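Reader: Can you walk me through this one? I want the fold first, then the ligand site.

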Amino acid sequence: MGLILYYAPNMIRPIVPLSLSRYFKLDIECKDISKEEGNFSKIFPLKLTPTLYDETSGWRLTEAIAINNFLIKTASEQPDSNFKSDTLLGWCIKSESEILRWESMAVSDFLNCEIDVIAPNIGLRPPDEKKQDIAVARLSKILDIYETQLHMNKGFLVGDHVTLADLVTASCFYFGFKFYFDSEWRKDYPNIVNWYNQTVKTPYFNDFFKDTKLLEKREF
Ligand SMILES: N[C@@H](CCC(=O)N[C@@H](CS)C(=O)NCC(=O)O)C(=O)O
């Protein structure tokens, strides 16, 4: 009886929690809800992942941002751990706040918009031309924000090394790089492309990003 991290393998927001849990070898059971739902929907009626559940106390945690925070702090508190949580979570009020800012933007505005653009084209949602046009225009504005930030801040979203802001944002870009950000698209976003390639190669993602081959031509 202990902590359970619920995830679904094709979903984006669980990528970082799952990767952190494995990278830091945390004493947490990772349960794939697509294989065995068990009590998941009784405990979490919205049926969203990632979620954390403590079988012993009944304590539960939802929201990827909160779960990432919990896992990183837990990793730094493990006996004999040399890892300092501020490396990923921020080392001063400004860096902490900026990391939260980028995490939030990635799992909400960016990811939702990216899904609105891509999902109808790969059969995950019914087509809706008007909604699609709005989403494409919005996505372009959001991408410009990332491209500018990564240019200005020399390859990292916050500070001078990889933080949780980069990990969460790169995991949200995964969907785009799989279906949409092809070689033509990549010409316009050199800073995003370099940053993505670097971030997915960091040891935190060893388990997830084994195949980092980029899309040549999108199918829509
Ligand atoms: N606000 C939640 C949203 C969680 C969420 O929407 N998770 C998606 C996976 S990325 C999900 O479980 N979707 C299942 C579904 O839509 O059926 C968070 O940030 O963690």
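Author: We start with the ground rules, then take the strands, a helix, the ligand and a record.
Author: Residues are numbered from 1 along each chain as its sequence is written. This is a predicted model, where local features need pLDDT of at least 70, side-chain atom pairs count only at pLDDT 80 or more, and totals for chains, interfaces and linings use all residues.

Reader: Ok. How do β1 and β2 run, parallel or antiparallel?
Author: Parallel: 5 bridges join β1 (residues 3-7) to β2 (residues 28-32). Strands and helices here are DSSP runs, numbered from the N terminus: E of at least two residues, and H or I of at least four. Two strands pair if DSSP finds at least two bridges between them. Leu-3 stands opposite Ile-28 in β2.

Reader: What does the chain pass through from β1 to β2?
Author: Helix α1 (residues 15-23), in a right-handed β-α-β crossover. Right-handed means that, with the strands pointing away from the viewer, the path from the first strand over the helix to the second runs clockwise.

Reader: And how many residues of α1 are buried?
Author: 7 of its 9. Buried means 20 or more other C-beta atoms within 10 Å of the residue's own, with C-beta atoms placed from the backbone. Among them are Ile-15, Val-16 and Leu-20.

Reader: What do those buried residues pack against?
Author: β1, β2, α3 (64-76) and α7 (164-179). Contact here means C-beta atoms, placed from the backbone, within 7 Å. After α1 comes Lys-25, with a positive phi near 50 degrees.

Reader: Back to the sheet. Which residue of β3 partners Leu-3?
Author: Asp-54. β1 and β3 (residues 51-54) run antiparallel, joined by 4 bridges.

Reader: And how many bridges join β3 to β4?
Author: 3, and those strands run antiparallel, with β4 at residues 60-62. Thr-51 stands opposite Thr-62. The two strands form a hairpin with 5 residues between them, and Gly-58 in the turn has a positive phi of about 85 degrees.

Reader: New topic. Which residues are around the ligand?
Author: Met-11, Ile-12, Arg-13, Lys-47, Leu-48, Thr-49, Glu-63, Ala-64 and Val-107.

Reader: Last one. What does UniProt annotate at residues 92-220?
Author: The unreviewed entry gives "domain: GST C-terminal" there. UniProt annotations may be inferred rather than shown by experiment. In the model, that stretch is 63% helix and 0% strand, and its end C-alpha atoms are 44 Å apart.

Definitions and conventions
Near = placed C-beta within 6 Å. Buried ≥ 20, exposed ≤ 12 C-beta atoms within 10 Å, placed from the backbone. Contact = placed C-beta atoms within 7 Å.
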